[in-house]
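This briefing goes through one protein chain, topic by topic. Please look at the sequence and the structure before reading on.

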Amino acid sequence: MHKKHLEPILLQRSGLTFVEILVVMAIFGILLTIAAVNLNGARQRALVREAAASVATALLQARSEAQRYNSNVVVALETGGTAFTITQLRSGTPVSRTVRLPAGTLAEVPAGGPSTVIYRAPFGVLDGGGAAFCFRLASQVAPCSTATTSAPRSIVGIVGLVGKVVVFN
């Protein structure tokens, strides 16, 4: 009469079949691939932002040193765009330091812009107006001046006579 109630418990199906396990693994693999792509993009954006932030900090420090030591400070983008050199005369002796960008990033000057910024003593005002530096990945083919790029980039602008530093991410 009721055969289903008479089946032994051991004969009932439990667990997953091989096909079900393969489907779950395939879905898991697809999700991991999507996550890895998103994490790589976030890592690249963070690298470019780190480069811009380190140079922005160095520019603020250069202005402060022009005021503190009452001598001009020159900040120059080195050839190749992988570092900035900051030079100042202290007691007649040139003192230089280099701010290296994180590996895999480059800085460049937008077309027609200066690659050197001079903070004049005693107030740390800019000599000759503002400047801008664009930061991008070294592997990025398109230069910073290309407006329609989706690659990560940041711009550090030095604005006005007082040399206010602004970072655009």
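How many helices and strands does the secondary structure of the chain come to? The answer is two helices and nine strands. The model is predicted. The points below start with the chain as a whole and then turn to particular strands, rings and core residues.

**The chain as a whole**

- The pattern along the sequence is α-α-β-β-β-β-β-β-β-β-β.
- The chain has 169 residues, and buried residues make up 28% of them.
- Its accessible surface comes to about 10900 Å². Carbon and sulfur atoms account for 63% of that surface.
- Of the contacts between residues at least 6 apart in sequence, 53% join residues at least 24 apart.

**Strand β1 and its two partners**

- Strand β1 covers residues 73-77. Its covered face holds Val73, Val75 and Leu77, while Val74 and Ala76 are on the uncovered face.
- Why do the side chains fall on two faces? In a regular strand they alternate between the two faces of the sheet.
- β1 runs antiparallel to strand β2 (residues 83-90), and five bridges join the two.
- β1 also runs antiparallel to strand β5 (residues 116-120), here with four bridges.
- Ala76 can be followed to both partners: its bridge partner in β2 is Thr85, and in β5 it stands opposite Thr116.
- β1 and β2 form a hairpin with five residues between the strands. In this hairpin, Gly80 takes a positive phi near 100°.

**Aromatic rings**

- How many aromatic pairs does the count come to? It comes to two.
- One of them is the pair of Phe84 and Phe133, with 5.0 Å from centre to centre and 90° between the planes. This geometry is edge-to-face.
- Phe84 belongs to strand β2 and Phe133 to strand β7 (residues 131-137), so this pair links distant parts of the chain, 49 residues apart.
- Phe84 counts as buried because its relative accessibility is 2%, and buried means under 20%. Phe133 also counts as buried, at 0%.
- Phe84 forms a tilted pair with Phe135 as well, with 6.2 Å from centre to centre and 40° between the planes.
- Because Phe84 lies in β2 and Phe135 in β7, this pair ties together parts that are 51 residues apart in sequence.
- Phe135 has a relative accessible area of 0%, so it is buried.
- Through these ring pairs, Phe84, Phe133 and Phe135 are linked into a cluster.
- A ring can also have a charge over it: the charged end of Arg90 sits over the ring of Tyr69, 4.0 Å from the ring centre.

**The nonpolar core**

- The largest nonpolar core has 28 residues. Those that touch the most other members are Leu59, Val75, Phe84, Val117, Tyr119, Phe135 and Ile158.
- Which elements supply at least two residues each to this core? They are α2 (18-69), β1, β2, β5, β7 and β8 (153-159).
- The largest share is that of α2, with ten residues.
- Leaving aside residues up to four places away in sequence, Val117 touches Val73, Val74, Val75, Leu126, Ala131, Phe133 and Ile158.

Terms used:
Residues numbered from 1 in each chain as written. Predicted model: local features only at pLDDT ≥ 70, side-chain atom pairs only at ≥ 80, totals over all residues. Heavy atoms only, no water. Buried < 20%, exposed > 50% of the residue type's maximum accessible area, 1.4 Å probe, protein only. Pairing = 2+ DSSP bridges. Phe/Tyr/Trp six-rings, centres within 6.5 Å; stacked < 30°, edge-to-face > 60°. Lys NZ or Arg CZ within 6 Å of the ring centre and 35° of its normal. Contact = heavy atoms within 4.5 Å. Areas by Shrake-Rupley, 256 points an atom, 1.4 Å probe, with all protein chains shown as cover. Core = buried A, V, L, I, M, F, W, Y, C linked by side-chain atoms within 4.5 Å.
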